[in-house]
Amino acid sequence: MIHPLADCQNPHIPESTRIWQFCVIFPDCLIGEDCNICSHVLIENEVTIGNRVTIKSGVQVWDGIELEDDVFIGPNVTFTNDKYPRSRNKEWQLLKTKVCKGSSIGAGSVILPGVTIGEGAVIGAGSVVTKDVPPGELWYGNPARFQKKITL
C-alpha cells in the first residue's frame, strides 16, 4: 500500500509494505516485505531496509544506512552519514551505518555515522550513539553508554 500523498519514486515496493502520506522514497533504495513506513519519512537511494521494519514518523534515512530485518526506528530518530559536514563540500566521505536484526532505536535518538548497532540491541529514547553497540545490550544517554545485557 502506497498512500496517494506519498512521493514514492521506487517501482519495486512490495505489496505487503505500507508507505504512508508525505513520505519521499527515492527510486534506487531497497525496501523489504511487510514494512511500515510512517508519515513524513525520507529514504534516499543508497539505503537497504530489510523485512518487517518499522520506521516511525519524522525519520530521514540517508545514503549509506542499512536496516536489517525486524528493526524498529522510533519517531524523529536522526541518522547521519557525514562525520564532518560542510555546505557544498565535494570531498565529503560517506560513512555507512548498520542497524542489525531485531534492534530498536528509541524516539529522538541521534545515530552518528559509521556505527553498527548489534543484533537485538536497544537504544533508549533521546540517546546519542557515538560508537558501535554490541549485540543484545541496552544503551542510553548522551553519549549513549552500556546499561545492561538484555534478552528478548
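Q: In which loop does S109 lie?
A: This is a predicted model, where local features need pLDDT of at least 70, side-chain atom pairs count only at pLDDT 80 or more, and totals for chains, interfaces and linings use all residues. Residues are numbered from 1 along each chain as its sequence is written, and side-chain values use heavy atoms, with hydrogens and water left out. Strands (E, at least two residues) and helices (H or I, at least four) are DSSP runs, numbered from the N terminus. S109 sits in the loop between β14 (104–105) and β15 (110–111).

Q: Is S109 buried or exposed?
A: Start with the cut-offs. Buried means under 20% relative accessible area, exposed means over 50%, and partly exposed lies in between (1.4 Å probe, protein chains only). S109 has a relative accessible area of 0%, so S109 is buried.

Q: Which backbone nitrogen does the side chain of S109 reach?
A: Look for a polar contact. That is a pair of N or O atoms within 3.5 Å; within protein, one must be able to donate a hydrogen and the other to accept it, and residues adjacent in sequence count only if both atoms are side-chain atoms. Here the S109 side chain reaches the backbone nitrogen of S127 at 3.3 Å.

Q: Which residues does S109 touch?
A: Contact means heavy atoms within 4.5 Å. Leave out residues up to four places away in sequence, and S109 touches N76, V77, T78, I123, G124, A125, G126 and S127.

Q: Where is T17, and is T17 buried or exposed?
A: T17 lies in the loop between β1 (7–8) and β2. With a relative accessible area of 0%, T17 is buried. A polar atom of the T17 side chain lies 3.3 Å from the backbone nitrogen of D34. Not counting residues up to four places away in sequence, T17 touches M1, I31, G32, E33, D34 and C35.

Q: How many helices and strands are in the chain?
A: The chain has zero helices and 20 strands. Next, check its radius of gyration, which is taken over C-alpha atoms; the globule rule is 2.2 Å times the number of residues to the power 0.38. The radius of gyration is 15 Å, close to the 15 Å that the rule gives for 152 residues, so the chain is as compact as a globular protein of that length. The C-alpha trace spans about 40 × 40 × 20 Å along its principal axes. Of the 152 residues, 43% count as buried.

Q: What is the order of the strands in the open sheet?
A: Strands of a sheet pair through backbone hydrogen bonds, either parallel or antiparallel. Two strands count as a pair if DSSP finds at least two bridges between them. The open sheet has eight strands in the order β2-β5-β8-β11-β14-β17-β19-β20, with mixed pairing. β2 (18–19) and β20 (144–149) stand at the edges with a single partner strand each, so one side of each has no neighbour in the sheet.

Q: Which strands run parallel, and which antiparallel?
A: Take some cases. β5 (residues 36–37) and β8 (residues 54–55) run parallel, joined by two bridges. In this pair, I37 stands opposite I55. β17 (residues 122–123) and β19 also pair in the parallel sense, over two bridges. There, W139 in β19 is the bridge partner of I123. β19 and β20 run antiparallel, joined by five bridges. E137 stands opposite K149 in β20. β19 and β20 form a hairpin with two residues between them.

Q: Which peptide bond is cis?
A: Read omega. The peptide bond from N142 to P143 is cis, with omega near -5°. P143 is in the loop between β19 (137–141) and β20.

Q: Where is phi positive in a residue other than glycine?
A: D70 is one case, with phi near 65°. D70 lies in the loop between β10 (65–67) and β11 (72–73), and is partly exposed at 31% relative accessible area. N76 has phi near 60°. N76 is in the loop between β11 and β12 (78–79), and counts as partly exposed at 47%.

Q: Which residues touch the most other members of the largest nonpolar core?
A: A nonpolar core is a set of buried Ala, Val, Leu, Ile, Met, Phe, Trp, Tyr and Cys residues joined through side-chain atoms within 4.5 Å. The largest has 34 residues, of which I43, I55, L67 and F79 touch the most other members. Leaving aside neighbours within four places in sequence, L67 has contacts including I55, I73, F79 and V99.
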